[in-house]
Amino acid sequence: MRRLLLALALAAPLGATAQPVDVAALDALFEAPPTVEVNLRGSLLRLASEAARAEEPEAALMLDGLRAVTVRVYTLGATRDLAVRRLADVGQRFEADGWWTFVRVRSQPGDTENDGDVWIYVRDAGDAFDGMAVMAVDNEDDNAVFVLIDGTIDPAQVGALTRRFADVDVDDEADQADRDGDSSRDDDDQ
C-alpha cells in the first residue's frame, strides 16, 4: 500500500476549485493530532521543483504545475472502524462535489491478506486531471493517510513519473537506509 500511496502522491493533482474537505476539519475527525503533516505551497513547492530539476526533470515538470501538496497521517489504535466510517463520509462529500471514484478498495473481515481500505477520487478536466485525493486506512501500520495535491498535471507526466518510480519499493529503501545508518553507527563505535 505504501508503494501505491507514494506513486499517487508523486503523480496526482488536486483541482484549483474549492475542496470538499477542509484539512482542519479532517484533523478534528481523529482523536490525536497527525503524526505526519506536510503542507507544501508557494515557495516551498518551487524549492522542491528546483531541487529535483537536475536529477529528476520529469518530477520537476510535474511539480511546476502544482499549487499545493497536503499530506496527513494519523495513528488509529482502537479507532480503525470509526476512521473507515468517517473517511467513507469524506468520500461521499467528494462525490457530492462532482469528484468521481477512481479506486475504492474495501477490507473484508477476517481477510489476513488485506492491507486496508483505499479511496481515490479524481476531478477530470478533459485532457488533464483537475484534482485527485487519496485516502487510506492501512491495517499493517495501523494508520490513516490523507493526500490532497492541488494543481493540474498532464497524464503523460503522471505516466512518465509512474514508470520512473514503478520499481521503487519504499519498504526496501527504508530498510536499506536503516541498515546503512546502523552500520555507520557501528563503525563510529569502534
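Author: A contact here means heavy atoms within 4.5 Å. The model discussed is predicted.

Reader: What covers the buried residues of α5?

Author: The cover includes α2, β4 (116–124), β5 (129–138) and β6 (143–151).

Reader: Which residues of α5 are buried?

Author: Arg80, Ala83, Val84, Leu87, Val90, Gly91 and Phe94.

Reader: What makes these buried residues line one face of the helix?

Author: Look down the axis of α5. The buried residues fall within an arc of 125 degrees, so they line one face. An α-helix has 3.6 residues a turn, so residues three or four places apart point the same way.

Reader: Which residues are exposed on the other side of α5?

Author: Asp81, Arg85, Gln92 and Ala96 are exposed there. Just after α5, Gly98 takes a positive phi of about 95 degrees.

Reader: How many aromatic pairs does the rule give?

Author: Ring centres must lie within 6.5 Å to pair. By this rule there are 4 aromatic pairs.

Reader: Why is the pair of Phe30 and Tyr74 called stacked?

Author: The centres are 3.9 Å apart, with 10 degrees between the planes.

Reader: Why is the pair of Phe94 and Trp99 called edge-to-face?

Author: The ring centres are 5.1 Å apart and the planes stand at 75 degrees. Edge-to-face needs over 60 degrees, so the pair qualifies. Phe94, Trp99 and Tyr121 form one aromatic cluster.

Reader: How do you know whether Phe94 and Trp99 are buried or exposed?

Author: Buried means under 20% relative accessible area. Phe94 has 0%, so Phe94 is buried. Trp99 has 3%, so Trp99 counts as buried too.

Reader: What pLDDT does the protein average?

Author: The average is 76, and 74% of the residues score at least 70. Over residues 1–18 the pLDDT is below 50, yet this stretch has 71 contacts beyond near neighbours in sequence in the model. Over residues 183–190 pLDDT stays under 50, with 0 contacts beyond four places in sequence.

Key:
Residues are numbered from 1 along each chain as its sequence is written. This is a predicted model: local features need pLDDT of at least 70, side-chain atom pairs count only at pLDDT 80 or more; totals for chains, interfaces and linings use all residues. Side-chain values use heavy atoms; hydrogens and water are left out. Rings of Phe, Tyr and Trp (its six-membered ring) pair if their centres lie within 6.5 Å; planes under 30 degrees apart count as stacked, over 60 as edge-to-face and the rest as tilted. Buried means under 20% relative accessible area, exposed over 50%, partly exposed in between (1.4 Å probe, protein chains only). Helices (H or I, at least four residues) and strands (E, at least two) are DSSP runs, numbered from the N terminus. The arc is that of the directions from the helix axis to the C-beta atoms. pLDDT is the predictor's confidence in each residue, from 0 to 100.
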